[in-house]
Amino acid sequence: MHAQQKTITGTVTFQQKPLTGVSVKLKGASVGMSTNEQGKYSVSLPTGRGVLVFTYIGFLTKEVIVEGSTTINVELEEDKQQLTEVVVTGYGSQKRESITGAISTITSKDLEKVHGGSQVSTGLAGKLPGVTFRMPDGRPGGGATIQVRNMGNPLFVIDGIQQDKRQFDNLAPSDVESITILKDASAAVYGVRAANGVVVVTTKRGSRGQSNVINIDTYAGFQNWSRFPDVVNDSYEWYLGKADAEMNNGGSTTVTKEELAKYKEGTAPGYQSFNWKDFIVQKNAPLYQQAINATGGSDRINYYFSGTNMFQYSVLGREFTYGRKNINANMDANITDRLKVGFGVNAYNEVRDNPGIPGGDDYNLPKAAILWNRPWERPYANDNPEYINDIGHNESNWAYNNKKYGGYSNDRRRYGSARFNAQYQIPYIKGLVAQGSYSYGLEDRLLDGHEYTYKTYTYNPTDNSYKATGGSINPWRERRSQKIEKNNYQIGLNYNNTFGKHTIGGLLISERYDVRDKEVFVHSVPATNVLPLIYFNTTDTYDDRDDREARIGYIGKINYNFANKYYLEFSGRRDASWKFAPNRRVGFFPSVSGGWRITEEKFMKSLLGENTKLNDLKIRASYGIVGDDDNGVLPTDYLAGYNYNRNGYGILDGNPVIGSRDKGKPILNISWFKSKILDIGADFTMFNNKLSGSVDYFKRSRTGLRGTKYDIVLPSEIGFNLSDENINKDQQAGGEVSLSYNGAIGTATFSVGGNVGYARSKFISSYKPIFFNSWDQYRNSAEGRYQNLFWAYDVVGQFKSQEEINNYPVNIDGQGNKTLLPGDLIYKDLNGDGKIDGYDERPLGYGTNQPVINGGFNFTVAWKGFDFAADFSIGSMYSFNQENEIRRGYSYNSGALNTILTDRWRRADAFDLNSEWIPGKYPALRFNVNSASSVNKNSVFWLHNVTAIRARTIELGYSLPKSLIGKINIQKARLFVNGYNLFSIDNLRKYGVDPEVQGTNGLQYPQNSFVNMGINLTL
């Protein structure tokens, strides 16, 4: 008996609303159908039995077994993973399927696993294709440098409001719902600030119909420097190196063998060794964070309230600290069926507190002391902590780098913003919504600093006395007060509606943005360390400024979608910037983009067949013009006038008069840079949406860069030159690839993903370049050449004997090689003229800023309550140049000797010029001679082209069974142990240098390695 054919009908919905275009077909069959505008479908089953498969982009695939009923209604569920990849874009939001621009997204799921560092930017390394990352300073409160496709500093937009990077960094990571990167012309809606990409941040807001819950996330741990150069801590080794270096200078040394023997014995006072690094660096510096939030909603309201407290100590001592407290609140409510209002508050209070130390950076001297202080110097006279030792260069004596002796510096920033928004659905026009918002932000900074006077002492063992022989009698007292007010106004219309297979959307917005930044700086020379007040008679500096910023823009966007197959978007912004002359202020920045989901075509479905592994393929392209008004022009440069208080004082009629100076020719012909951005890409999913990926190629052609027309000469009597004009061009090009796979093996689920991006800049043209000869053009031309090249000398070897030096035909040192010693570098005579000079340099390295290649990879595993996650970042094609303290021995104050320089060419007997040479890696030392041929030139010997793979986050967690915690009304309890920056695989380890520092002497504050333990609770 044969089964009868059966027709199944029904409706497919989401949240009780019909879904149009849902694919419905019999599992195993080659054909199917899609739901109509009412979400209805009708499908015939030849045998009356089978399994219906419902698929729709952005929703979980659902399979339903057909039994007796002929009517099957289906409610689909959102695919949260796909939806998180489609987040807020410029002035709106889009589903993943409809995106036609180059966009990268990260969500709270990824950010909340980063329990290291204090800034949001530290959690982005390797996670976003097309985003370049470098963290050159790892101090408490330090952030990372992030760029979009190496194009420069991006614009930050937080909850729809344009902000600066400081507001971005100081968000609590647990408050962030998603971060979207606009990498191409999709950023054109931000006009004159969008040329370097846009970082769009959305904070958490709660969900409608969600039960009220309280989430607690707390952790504590410790941190240590990832790397820092090591120095010789043995006084005998230091003086032996000094004797060796002085003998290399001129054949004699001030070090005697008898004195050296005492340092080797190391027992007599003054001849003992001291480890400054161990004294300064206090390992396992604590850090902790507590975050709590309450979220929920009903059918008419949703809310999110949170508070976060984090505190971080420095490995330079427990008096170097950073702390921040955050408050965030968002609420949305439907007042009526047509009127929706929202309110948001974001505030933080951050404090950087540390001892007052000379110099602009209070962290610099404590770090420098490790490489400057010599092992026979000691912090306290006679090791008595009541008396700071006079070591001659007392600014780097760590014994006084504390609040008791050195003073204090307290830098406090407080920020608060309030946002109000409203949306009103206009009657009689379906899909038309009027919207408006207002945001007010107030940032307050108060810096109080006092560097004390202090005394240093020399101990006299004959009478057991301490005599003050040094110190500081130059106190520094400062107070800086700053207040920044920001206003943002937006009003506009938003439209979205579907007509059969046609979906049309659009928006029209007017935005105004203004800032007022006021600051007062006072400096005094106080009479005492104990009086904190600043008086008029001790004040020697009073600076006051009042800066303003104003912008206005009109934004338009139109979207068209046919059958979820063809997508087209036009957008543009008319922008005005306050920086330029009135006739140069206004510009229009348009863009166009389109997408084609080729897998929705009938011919493609037929070509791929029923059992295709390719689920979705979208080809997209975009092109647009965006601007950049951050070109070095000041807001008043277009005005004629005078600069006040620039030439000191003059005396007129016996009275002092503050001087002024003519500003020079007004800049009337400068406007913003223009960037024309092309992007071609594709997005795809395969294997039942388990594998997803994207690929992009981009090119940014930038015009209007500043340059000078040199062929127009003004008489020198005028007193100034012609101003720059918008005449130069450059280009940025590259691409990105990203892949991710989600799967399961038995009861274990896993995911693995990765991305890699390449972005490199090239200078295209300048104004009428002129060169004197072919060499001048080769060495100094930028036309058509990659930017950020590192010019250096090639090295073909090292001299192995004095005889080889004497017979070498090329003049290496410019003095007939008479200053050379065995072990010195042999530079390549590139032009064959018998001497080494600037004509022998060539480009051998990259820039020392952002890596050209960036990327990362990650994987996660979850099984029976256990979860494991690991994130790695990749950086390559950037250079590190080894200089100063890590190139030259005894280079500062005859300072410490880097341990890497102990592996050097040296004589077997440092005191005997005729003893044999022992080979080593580095050239022979010279004492306080920086002009030696091997160290006074940049060469491939000192230049390192870096490639680094860094373990960013490694976390192991365990969630307690619900059967256990449910008894005490806990919904979730997860324990975790987390490591951040645990290790790096790179080619700089041997030098003790972190691969992300940008300085060349190894003195930068390196990144920290963190180990934390914590708990996540949901009540």
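Reader: Is Arg149 buried or exposed, and what is its relative accessible area?

Author: Good place to start! In this predicted model, Arg149 is buried, with a relative accessible area of 1%. Buried means under 20%, so a value of 1% puts Arg149 in that class.

Reader: Which residue does the side chain of Arg149 meet in a salt bridge?

Author: The general idea is that side chains of opposite charge can pair when their charged atoms come close. Here the partner of Arg149 is Asp679, at 2.8 Å from N to O. The two sit in distant parts of the chain, 530 residues apart: Arg149 lies in the loop between β13 (145-148) and β14 (155-158), and Asp679 in strand β35 (residues 673-686). Asp679 is buried too, with a relative accessible area of 1%.

Reader: Which residues are linked with Arg149 and Asp679 in a network of salt bridges?

Author: The network also holds Lys183, Lys618, Arg620, Asp683, Asp696 and Glu736.

Reader: How many salt bridges does a search of the whole structure find?

Author: The search finds 57. One of them joins the side chains of Asp546 and Arg516, at 2.6 Å from N to O. This pair links strand β29 (residues 539-562), which holds Asp546, with strand β28 (residues 502-524), which holds Arg516; the residues are 30 apart in the chain.

Reader: Are Asp546 and Arg516 buried or partly exposed?

Author: Asp546 is partly exposed at 37% relative accessible area, and Arg516 is partly exposed at 29%.

Reader: What about the salt bridge of Glu600 with Arg597?

Author: Their closest N and O atoms are 3.3 Å apart. Glu600 is partly exposed at 26%, whereas Arg597 is buried at 4%.

How values were computed:
Residues are numbered from 1 along each chain as its sequence is written. This is a predicted model: local features need pLDDT of at least 70, side-chain atom pairs count only at pLDDT 80 or more; totals for chains, interfaces and linings use all residues. Side-chain values use heavy atoms; hydrogens and water are left out. A salt bridge is a side-chain nitrogen of Lys or Arg within 4 Å of a carboxyl oxygen of Asp or Glu. Helices (H or I, at least four residues) and strands (E, at least two) are DSSP runs, numbered from the N terminus. Buried means under 20% relative accessible area, exposed over 50%, partly exposed in between (1.4 Å probe, protein chains only).
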